[in-house]
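Subject: Structure for your files

Hello,

Please read the notes with the model open.

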Amino acid sequence: RFAALESALEGLPDDERLAIHLHYLEHDPVSAARRTLGISRSGFYKLLGRARSRLADQLRDHAPEDSR
């Protein structure tokens, strides 16, 4: 499962992968996004939503048939 997650993360566009990283690993992801990506709070959460959706789709594609 970790390999599937790693592969799915690598398949994300750079800005979406960074949004996932900032959200889960930074103390203040919105400020970090503003500094690194130059986007607003709402822009960050829209980007994070797209990243999560794309990540879920990719993980679903990697799931074994019996767990779908």
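Arg54 is found in helix 4, which covers residues 41–62; helices here are DSSP runs of H or I with at least four residues, strands are runs of E with at least two, and both are numbered from the N terminus. This is a predicted model, so local features need pLDDT of at least 70 and side-chain atom pairs count only at pLDDT 80 or more, while totals for chains, interfaces and linings use all residues. Residues are numbered from 1 along each chain as its sequence is written, and side-chain values use heavy atoms, with hydrogens and water left out.

Arg54 has a relative accessible area of 35%, so it is partly exposed (buried means under 20%, exposed over 50% and partly exposed in between, with a 1.4 Å probe and protein chains only). Apart from neighbours within four places in sequence, Arg54 is in contact with Leu12, Pro13 and Glu16, where contact means heavy atoms within 4.5 Å. With Glu16 there is also a polar contact between the two side chains, at 2.7 Å. A polar contact is a pair of N or O atoms within 3.5 Å; within protein, one must be able to donate a hydrogen and the other to accept it, and residues adjacent in sequence count only if both atoms are side-chain atoms.

Glu16 sits in helix 2 (residues 14–25) and is buried, because its relative accessibility is 3%. Leaving aside neighbours within four places in sequence, Glu16 is in contact with Leu47, Arg50 and Ala51 as well as Arg54.

Pro13 belongs to the loop between helix 1 (2–10) and helix 2. Its relative accessible area is 31%, so Pro13 is partly exposed. Pro13 and Arg54 are 41 residues apart along the chain, and their C-alpha atoms are separated by 9.7 Å. For Arg54 and Leu25, 29 residues apart along the chain, the C-alpha separation is 19 Å.

Gln58 is also placed in helix 4. With a relative accessible area of 18%, Gln58 is buried.

**How the helices pack**

Two packed helices are described by the angle between their axes and the distance between the axes. Here the axes are lines fitted to C-alpha atoms, for helices over the stretch in contact, and angles run from 0 to 180 degrees between N-to-C directions.

Helix 2 and helix 4 have axes 8 Å apart and pack at an angle of about 105°. That makes the two helices roughly perpendicular (65 to 115 degrees; under 35 counts as roughly parallel, over 145 as roughly antiparallel and the rest as oblique). On the helix 2 side the residues are Asp15, Glu16, Ala19, Ile20, Leu22, His23 and Tyr24, which meet Phe44, Leu47, Leu48, Arg50, Ala51, Arg52, Arg54 and Leu55 in helix 4. By class, this contact has nine nonpolar, one polar and five charged residues; Ala, Val, Leu, Ile, Met, Phe, Trp, Tyr, Cys and Pro count as nonpolar, Asp, Glu, Lys and Arg as charged, and the others, Gly among them, as polar.

Ala19 of helix 2 is buried, because its relative accessibility is 0%. Not counting residues up to four places away in sequence, Ala19 touches Phe44, Leu47 and Leu48.

The axes of helix 3 (residues 29–37) and helix 4 come within 9 Å and cross at roughly 95°. Helix 3 is therefore roughly perpendicular to helix 4. Helix 3 makes the contact through Pro29, Val30, Ala33, Arg34 and Leu37, and helix 4 through Arg41, Phe44, Tyr45 and Leu47. The classes are seven nonpolar, no polar and two charged residues.

**Aromatic pair**

There is one aromatic pair, counted when the ring centres of Phe, Tyr or Trp (its six-membered ring) lie within 6.5 Å; planes under 30 degrees apart count as stacked, over 60 as edge-to-face and the rest as tilted. The rings of Phe44 and Tyr45 have centres 5.0 Å apart and planes at 70°, so the pair is edge-to-face. Phe44 is buried at 0% relative accessibility, whereas Tyr45 is partly exposed at 36%.

**The chain as a whole**

The protein chain has four helices and zero strands. Its C-alpha trace spans about 40 × 20 × 20 Å along the principal axes. Of the 68 residues, 24% are buried.

Regards
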